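I opened my notebook to write down what I could look up here, one topic at a time.

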Amino acid sequence: MDTHAFEGPVGVMGTGAVGGYYGAMLARAGVPVVFIGRPAQVARLRDDGLRLQTAAWDERQRVTASDEPTALAPCRLVLVCVKSGDTEAAAAQLAPVLAPGTVVLSLQNGVDNAERLAAALPACTVAPAVVYVAAELAAPDHVRHHGRGELVLARWAARGGVPTAEAVQALCARAGVPVQLAEDVRAALWSKLVLNCAYNALSAITRLPYGRLVQGAGVGEVMRDVVAECQAVAAAAGVVLPDPWPAVERIAATMPGQYSSTAQDLMRGKPSEIEHLNGHVVRLGERLGVPVPVNRTLLALVRLIESPPPGAAAAGTRAG
């Protein structure tokens, strides 16, 4: 196979903000895309297509959509975009469907999703991708893009018939999606985790977008504490990170109107990925003997918002 060519449909497992954005970008470039979503969403996608709204255009793409993962059987490239808590369930659905050698990319938050997918999909080529995009699912068939959109993609060993990382990079370039290839993506995954830990919980607790959040008194100091704890845990785990603070500051400047995915989940009454963000840092810190009090506090607060103790609302009413 030509390493700089890719043919055939691309699958998207999980048509949320991330899956919808990258799938729509590929579809807009003429790439056949198969979206997997829930039945109600699939009905909308089949009837009306997928709307992608950006600062530059607002268009609908006619797409193929199904609520059955078996529709991904012809795909040799599958983007897994489900929530981190659904990784094992998605892998179990994909395992009997995907052909050996299918490239499966984890476009998910957290640092261990690709490992979890690979454990359940041993015949596939599984790799992590670090995602930098500000997007939201404004409606089941409507993705609103707020900024950025680049990927950092792990390289994988080339073997007969398997699309290479360079081929996927070229495919994404056709769609206007910048992709950087990394020999060792672990540091990039951790760098993204630091960003998520700095912003996600605070945006969710305050229900503020990044630009307004960072203007709050004392918020910058809290974020620096979160970042320092994450750096300490990463170092104890053998991961050497470049100074993450410039990237943390850049997020608020480049995505001022973006609410974190955790905030979006809580505002919609859905489970968040906090256990795979600050929660991952807390558990790993405990295991490695690294104190993480600020991350633990943010984790506890988001957990309370997600699942208030029984009777909490009534008690609050009585206290008036």
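**Entry 1: a strand with two faces.** Before I start, I need one cut-off: a residue is buried when its relative accessible area is under 20%. I also note that I am working with a predicted model. In a regular strand the side chains alternate between the two faces of the sheet. I looked for that in strand β6, residues 77–80, where Leu77 and Leu79 point one way while Val78 and Val80 point the other way. All of these β6 residues are buried.

Next I checked who sits beside β6. Strand β1 (residues 10–13) pairs with β6 in the parallel sense, over four bridges. Val10 has Leu77 as its bridge partner in β6. Strand β7 (residues 103–106) is also joined to β6 by four bridges, and these two run parallel. There, Leu77 stands opposite Val103 in β7.

**Entry 2: the cores.** Which residues have the most contacts inside the largest nonpolar core? I found Leu79 and Leu105, in a core of 93 residues. Helix α6 (residues 186–206) gives the most to this core, with twelve residues. Apart from it lies another core of 19 residues, and Val78, Val82, Ala91 and Leu94 are among them.

**Entry 3: a strand with one covered face.** Strand β3 (residues 50–53) has Leu50 and Leu52 on a covered face, and Arg51 and Gln53 on an uncovered one. β3 pairs with strand β4 (residues 58–61) over four bridges in the antiparallel sense. A hairpin of four residues joins β3 to β4. In β4, Arg60 is the bridge partner of Arg51. β3 also pairs with β9, this time in the parallel sense and over three bridges. Gln53 stands opposite Arg144 in β9.

Entry 4: Is Asp141 buried or exposed? Asp141 lies in the loop between β8 (125–139) and β9. Its relative accessibility is 3%, so Asp141 counts as buried.

Asn200 is in helix α6. Asn200 counts as buried because its relative accessibility is 2%. Leaving out residues up to four places away in sequence, Asn200 touches Tyr210, Ser260, Ser261, Thr262, Ala263 and Leu277.

Ile36 lies in strand β2 (residues 33–36). With 6% relative accessibility, Ile36 counts as buried too. Residues that Ile36 touches, beyond four places away in sequence, include Val12, Met13, Ser66, Pro69 and Leu72. I also looked up a distance: Ile36 and Gly110 are 74 residues apart in sequence and 22 Å apart in space, C-alpha to C-alpha.

Entry 5: Rolling a probe the size of a water molecule over the atoms shows where empty space is left. How many cavities of 30 Å³ or more does a search of the whole structure find? The search finds two.

The largest cavity has a volume of about 110 Å³. Of its 14 lining residues, Leu79, Leu105, Leu151, Val168 and Cys172 lie nearest its centre. By class, that lining has 14 nonpolar residues, no polar ones and no charged ones. α5 (165–174) gives the largest share of the lining, three residues.

The second largest cavity holds about 40 Å³ of space. Gln108, Asn109, Gly110, Ala129, Val130, Val131, Leu189 and Lys192 line it. I noted that β8 gives the most to this second lining, with three residues. The lining divides into four nonpolar, three polar and one charged.

**Entry 6: an open pocket.** About 310 Å³ of space lies in the second largest pocket. This pocket is lined by 16 residues, and Tyr132, Val152, Ala188, Ser191 and Ala247 lie nearest its centre. Which element gives the most to the lining of the second largest pocket? I found α6, with four residues. By class, I wrote down ten nonpolar, two polar and four charged residues for the pocket lining.

Terms used:
Residues are numbered from 1 along each chain as its sequence is written. This is a predicted model: local features need pLDDT of at least 70, side-chain atom pairs count only at pLDDT 80 or more; totals for chains, interfaces and linings use all residues. Side-chain values use heavy atoms; hydrogens and water are left out. A nonpolar core is a set of buried Ala, Val, Leu, Ile, Met, Phe, Trp, Tyr and Cys residues joined through side-chain atoms within 4.5 Å. Buried means under 20% relative accessible area, exposed over 50%, partly exposed in between (1.4 Å probe, protein chains only). On a 1 Å grid over the protein atoms alone, a cavity is a set of points where a 1.4 Å probe fits but cannot get out, and a pocket is an open set with protein on both sides within 12 Å along at least five of seven lines; lining residues have an atom within 4 Å of a point. Grid points are joined across faces, edges and corners, and a volume is the space filled by probe spheres set on the points. Ala, Val, Leu, Ile, Met, Phe, Trp, Tyr, Cys and Pro count as nonpolar, Asp, Glu, Lys and Arg as charged, and the others, Gly among them, as polar. Contact means heavy atoms within 4.5 Å. Two strands pair if DSSP finds at least two bridges between them.
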